[in-house]
Amino acid sequence: MARILSGVQPSGEVHLGNYLGALRQWVAFQHDNDAFFCVVDLHALAQEHDTALLASRTLEAATQLLAAGLDPSACTIFAQSHVPEHPRLAWLLECTATVGELRRMTQFKDKGGESESVRVGLFTYPVLQAADILLYDAELVPVGDDQRQHLELTRDLAVRFNHHHGDTFVVPQAAVPTFAARVMDLQEPTRKMSKSVSSPLGTVLVLDRPQEIDRKIRKAVTDTETSVRYDPEKKPGVSNLLELLAASTGGDPAVLADDYTSYGPLKADVAEAVIALLQPVQERYQELKAQPDYVAKVLADGAAKAHTVAAVTLDRAMRAMGLLPPR
Ligand code: TYM
């Protein structure tokens, strides 16, 4: 049994990239491992957010995790802000991280890292992420491809801390799926699918109605050729569709490409496969959305359990750094 931790931001609705890159792995990992999953609401504060919506979005994200198939009797699900050890360990780690290494984070640069008015929280965001992971002695962190650099930083911080202060942290590894580790935007296939893009047509939400999913996939940008080939560099749109098909039905995108001689039938099959993939998630969501008290209870129980693990690690780290233990 490996210890596992991962997290998702409560930034609105979960999309197909989140589902294929991360959540589906979480569901697969939960039974044979000791798994912790958190809705990282403190991370959401690092950028402009709607105060009136944050709490309900956190509950909504948890509801969608349960709908995706997380089972609270098999894993621990909690909200990051309910476990005070997260920001406390983040501070200790901030005192070991350097400005240089945080400046190199591409997500920080992409989100306006050059600007003087960028928030300090956005800069130190990856250190809080490292704290999320290291608090649970996580060996594996199931994430999409875009989190690899943050995982590398986490490993560097853990190794450095262990070197200076003695063995304290487990050095984690990213677990990234073989296909659909970076689902691309359907309208701009050279950028990753995300909620913050201009055209909603580019992002399939896990709760989109079947007709909507079909429409988005049929309108997906491809290219002016007609041949179906898996070539992410030269044919990003078509390759993205092939990856979605591979991830939804099993198989290899390069091999699946041989079944098609034009884009129309490929799109039809991708739409059908994605609709079928998301159908059970959508059905479970319909049941869960009527039970907000149940979801809140899952989070409360999860926070209590997470706290018992996190408190031990934080105490170890504080002592290792030489702080006076409270009596
Ligand atoms: P977030 O909320 O952006 O995304 C949650 C998970 O979804 C994956 N993902 C994708 N995978 C494939 N294709 C895409 N287009 C795509 N978009 C997102 C992400 O890789 C992620 O696994 N910083 C993290 C949250 C976080 C975290 C952590 C993750 C905070 N603390 C500790 C792991 C461990 C984030 O913003 O994820």
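Trainee: Why are α3 and α12 called oblique to each other?

Mentor: In this predicted model, the axes of helix α3 (residues 51-68) and helix α12 (residues 263-288) come within 8 Å and cross at roughly 130°. Axes here are lines fitted to C-alpha atoms, for helices over the stretch in contact, and angles run from 0 to 180 degrees between N-to-C directions. Angles under 35 degrees count as roughly parallel, over 145 as roughly antiparallel, 65 to 115 as roughly perpendicular and the rest as oblique; α3 and α12 are therefore oblique. The helices themselves (H or I, at least four residues), like the strands (E, at least two), are DSSP runs numbered from the N terminus.

Trainee: What makes α1 roughly perpendicular to α12?

Mentor: Helix α1 (residues 16-29) packs against α12 at an angle of about 70°, with the axes 12 Å apart, and that angle makes the pair roughly perpendicular. The crossing of α1 past α12 is left-handed. L16, Y19, L20 and R24 in α1 meet V274, L277, L278 and V281 in α12, a contact that divides into seven nonpolar, no polar and one charged residue.

Trainee: At what angle do α4 and α7 pack, and which residues are involved?

Mentor: Helix α4 (residues 85-94) and helix α7 (residues 120-134) pack at an angle of about 120°, with their axes 8 Å apart, and α4 passes α7 in a right-handed crossing. The contact involves H86, P87, L89, A90, L93 and E94 of α4, together with T124, V127, L128, A130, A131, D132 and L134 of α7. Its residues divide into nine nonpolar, two polar and two charged.

Trainee: How do you know that E188 forms a salt bridge with R191?

Mentor: The closest N and O atoms of E188 and R191 are 3.9 Å apart, and a salt bridge is a side-chain nitrogen of Lys or Arg within 4 Å of a carboxyl oxygen of Asp or Glu. The structure holds 17 salt bridges. Another joins R215 to E212, with the closest N and O atoms 3.6 Å apart; R215 and E212 both lie in helix α9 (residues 210-218), three residues apart, about one turn of the helix. R229 also forms a salt bridge with E225, at 3.3 Å between the closest N and O atoms, and D223, E225, R229 and K235 are linked in a network of salt bridges.

Trainee: Why is E188 called partly exposed, and why is V8 called buried?

Mentor: Buried means under 20% relative accessible area, exposed over 50%, and partly exposed in between (1.4 Å probe, protein chains only). E188 has a relative accessible area of 34% and is therefore partly exposed, as is R191 at 36%, whereas V8 at 9% counts as buried. V8 has its place in strand β1 (residues 3-8) and, leaving aside neighbours within four places in sequence, is in contact with W26, C38, V39, V40 and L65.

Trainee: What should I keep in mind about numbering and confidence?

Mentor: Residues are numbered from 1 along each chain as its sequence is written, and side-chain values use heavy atoms, with hydrogens and water left out. Because the model is predicted, local features need pLDDT of at least 70 and side-chain atom pairs count only at pLDDT 80 or more, while totals for chains, interfaces and linings use all residues.

Key: Contact = heavy atoms within 4.5 Å. Left-handed = near helix turned anticlockwise from the far one by under 90°. Nonpolar A, V, L, I, M, F, W, Y, C, P; charged D, E, K, R; others polar.
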